[in-house]
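Please look through the sequence and the model below before reading on.

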Amino acid sequence: MREIVRTLTEESLAVVLLPLPAVLPPGAELPLRAQVQGGPTRVWAELEGRTYALNPLEEGLYGAYLPVEGQGSLELKVVAERGEERAEARAYLTVRPGPLATLLATPALLDPGEEVRLEARLLRRANRVEVRLGPLIVPLERVDDLTFRGTLLAPKTPGAYELELYLDGTRTATARIRVRD
């Protein structure tokens, strides 16, 4: 057995994946980020037999949102190329059923008319994110590609209420609030 030692310098081509989500549901998007050094001419990812170009986000950082389908363990490979030289990094993603978003309403126990802070965390990008409470529709404001926030006033009538989160017109998640007597 022979050991091969390779010394990396700033000019060496190398790929390092930034941390990935532990689990994603089918229909989600993987927010892939990879640090690449060595001045690559091309950087791409391979997932489920498809190839996706990674775009430079800042110096040495490349990324893209990759669609996730199927179920089980999927192999992800990121490749950087410079002439004949190639570097790659591999990881495995676990895909299993689950929600594409979560909705957090705070506080969950309120006085009539009290302000409710809303935060939606998405696992895929959406153009229109809104919360519905009966006929009331509250558009949420974009914080980043996968986080949206907003507020609404609790109903004046005591009781339990279900808030519904819609992504591009599709009901995706719910949260409950209770208004005190």
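## The nonpolar cores

A nonpolar core is a set of buried Ala, Val, Leu, Ile, Met, Phe, Trp, Tyr and Cys residues joined through side-chain atoms within 4.5 Å, where buried means under 20% relative accessible area, exposed means over 50%, and partly exposed lies in between (1.4 Å probe, protein chains only). This is a predicted model, in which local features need pLDDT of at least 70 and side-chain atom pairs count only at pLDDT 80 or more, while totals for chains, interfaces and linings use all residues. Residues are numbered from 1 along each chain as its sequence is written, and side-chain values use heavy atoms, with hydrogens and water left out.

The largest nonpolar core has 28 residues, and Leu32, Leu66 and Val78 touch the most other members. At least two residues of this core are supplied by each of strand 1, strand 3, strand 4 (42–47), strand 7, strand 8 (72–82) and strand 9 (85–95), and strand 9 gives the largest share, 5 residues. Strands here are DSSP runs (E, at least two residues), numbered from the N terminus. A second, separate core holds 27 residues, including Leu103, Leu152, Ala154 and Tyr161. In soluble globular proteins, nonpolar side chains tend to be buried together.

Valine 78 shows what such a position can look like in detail: with neighbours within four places in sequence left aside, valine 78 is in contact (heavy atoms within 4.5 Å) with Val15, Leu17, Leu32, Ala34, Val43, Trp44, Ala45, Leu54, Ala87, Glu88 and Ala89.

## Paired strands

Two strands pair if DSSP finds at least two bridges between them. Strand 1 (residues 14–17) runs antiparallel to strand 3 (residues 29–37), and 4 bridges join them; valine 15 has valine 36 in strand 3 as its bridge partner. Strand 3 also pairs with strand 7 (residues 61–67), again in the antiparallel sense, over 7 bridges, and here leucine 32 stands opposite alanine 64 in strand 7.

Elsewhere, 5 strands form an open sheet with mixed pairing, in the order 11-18-17-13-14. Strand 11 (109–110) and strand 14 (136–139) stand at the edges and have a single partner strand each, so one side of each is left without a neighbour in the sheet. Strand 14 pairs with strand 13 (residues 129–133) in the antiparallel sense over 4 bridges, and leucine 136 in strand 14 is the bridge partner of leucine 133.

## A buried glutamate

Glutamate 119 belongs to strand 12 (residues 115–122), and its relative accessible area of 13% means that it is buried. Not counting residues up to four places away in sequence, glutamate 119 touches Thr102, Leu103, Leu104, Thr147, Phe148 and Arg149.

## Charges over rings

A charge sits over a ring if NZ of Lys or CZ of Arg is within 6 Å of the ring centre and within 35 degrees of the ring normal. Arginine 33 lies over the face of tyrosine 65, at 5.2 Å from the ring centre, and arginine 42 lies over the face of tryptophan 44, at 4.0 Å from the ring centre.

## Loops and backbone angles

Most residues other than glycine have a negative phi, and most peptide bonds are trans. Glutamate 48, although not a glycine, has a positive phi of about 55°; this residue is in the loop between strand 4 and strand 5 (50–53), and glutamate 48 is partly exposed, with a relative accessible area of 31%. Aspartate 168 is not a glycine either, yet has a positive phi of about 50°. Aspartate 168 is placed in the loop between strand 17 (159–167) and strand 18 (170–179), and counts as partly exposed at 31% relative accessibility.

A cis peptide bond, with omega of about -10°, joins threonine 106 and proline 107, and proline 107 lies in the loop between strand 10 (101–106) and strand 11.
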